[in-house]
Amino acid sequence: MVFVGVHGEWGRIDATQADLGCGQERNSIYKTKPPAPLTCYECDWGLHLIHKTHGSYDLWFLRHANNAPHCAARLAGEGMAHHLLKLDLAHHARAAGWKAEYEVAAPDGSWRADVMATSPDGARRVALEAQMAGISITDIEARTDRYRAVGVEVCWFTDRKTVPWLDSVPSVQIARPDDGGSVQITAGAARFVPEWCEDRAACGLCECAECGPGIDGPLPCGGHGKWLAAAPFPLDRFVAAICANTTRPHRLRTKGRGDGDTWRWVTRSYFDLEEEQVRALSRRHQIMDRLIAVQRRQREAREAAEREHLAAIQALLQRQKALVKPVVEFVYHEAGAYPSVAPDGVPDFAMGVPVYLCGKPYAVICPVASRVPALRNRLAPLVLFAASERERSRIAAQAAAGQRVEVLAVDLPPAPAPPVPPQREQGGLTIKQAVNRMFGLDRM
């Protein structure tokens, strides 16, 4: 069964329309003798106008005469369910004020629409495709692309229980109630349910993994809304909405619905709700990126300062070690007795190495200038030793007025490269703990 044929005088006719789409009455070709000059647009075989009832449907269609070949038009029209759905789609489009034609083909034959709905001003064309047979995702995507390439919108309709391509192209699933009620859209349309934190400036629902590692401080809410399937609703309302352009096919963008590969029919209000969340999430990610960059720079600055601090400690230890022998000789020549030298610098002597003579403090090797003011009175009676004129100047500037600061020039090895700060490991030490242990502060 097919809907469209060619009359020898009138041209294209549509059996579903009372005026055959060309201003002629059905009776003028129904059961006439001789038969009306009707032929198939695909195979040129003779056609007959048929009238039947099917439930609440008053059906008018064309049937090929006996011994007809298996042409594409005949195959496309097979199946009552397919036939009835095409009738419904065309009827609802016409009810919305649009023109609807069956089996409209591209000039080059690259596509043929089951129902081509055209707006009154001709600005929009929508192919309403009844896809009742199985088809691969690749094939239906290719057919959709061919429509899109010539500016034709498309929606695929199917009553199949399993529809693997429902997410891949603009499409809906339908169901025809057993009680004869109106055809329902059961899948393919969606609604967006928004959800926001009470304080949008500080998200309280995000997970730590979402925030990313090492981000301190509150982040704005990026929205927690989601897409849900729309409740079943009548086919006529859906076709009217397509014609009115109040529902559009849309690739869902919100997290949890894939990465933009899911097509659903949505209204403008739901699109706007998703758009608000998409923008909020984008702002959230921008702030996260800025925070990560700032905290990375802060961490790098701390690590650089720690490297410089450790390098300064190593340089201090080298100067102190290099000065031990010259200081011993200096004190011996000055005091006539060999002094004893502590193995390391200690906090009580501004991290300098104390030198004892007859059991009493006599001098300090390379005290840390910044620590001297807190111990100025204790260090005032002692001789302070430095390894360079520059170090002597720094120490003298912090020491008691007139305090004796001697410079013993020694050859020091080249300054080593700043060491990598020790990192915390499982059961290990922090940088602060390592430095404290180096100076014996952990025993205080």
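This is a predicted model: local features need pLDDT of at least 70, side-chain atom pairs count only at pLDDT 80 or more; totals for chains, interfaces and linings use all residues.
Biologist: Which residue lies over the face of Phe 349?

Modeller: Phe 349 also has a charge over its ring. The distance from the ring centre is 4.9 Å, and the residue is Arg 378.

Biologist: Is the pair of Phe 330 and Phe 385 stacked or edge-to-face?

Modeller: A search of the whole structure gives 10 aromatic pairs. In the pair of Phe 330 and Phe 385, the ring centres are 5.3 Å apart and the planes stand at 80°. Planes over 60 degrees apart count as edge-to-face, so the pair of Phe 330 and Phe 385 is edge-to-face.

Biologist: How many residues apart are Phe 330 and Phe 385?

Modeller: Phe 330 is in helix 6 (residues 268–335), and Phe 385 is in strand 20 (residues 383–386). The pair links distant parts of the chain, and the separation is 55 residues.

Biologist: Is Phe 385 buried or exposed?

Modeller: Phe 330 has 22% relative accessibility, so Phe 330 counts as partly exposed. The relative accessible area of Phe 385 is 0%. Buried means under 20%, so Phe 385 is buried.

Biologist: What is the order of the open sheet of three strands?

Modeller: The pairing in this sheet is antiparallel. Strand 2 (11–14) and strand 3 (38–39) are the edge strands, each pairing on one side only. Strand 1 (residues 4–7) pairs with strand 3 over two bridges. The order is 2-1-3.

Biologist: Which residue in strand 3 is the bridge partner of Val 6?

Modeller: Strand 1 and strand 3 pair in the antiparallel sense. In strand 3, the partner of Val 6 is Thr 39.

Note on methods
Residues are numbered from 1 along each chain as its sequence is written. Side-chain values use heavy atoms; hydrogens and water are left out. Two strands pair if DSSP finds at least two bridges between them. Helices (H or I, at least four residues) and strands (E, at least two) are DSSP runs, numbered from the N terminus. Rings of Phe, Tyr and Trp (its six-membered ring) pair if their centres lie within 6.5 Å; planes under 30 degrees apart count as stacked, over 60 as edge-to-face and the rest as tilted. Buried means under 20% relative accessible area, exposed over 50%, partly exposed in between (1.4 Å probe, protein chains only). A charge sits over a ring if NZ of Lys or CZ of Arg is within 6 Å of the ring centre and within 35 degrees of the ring normal.
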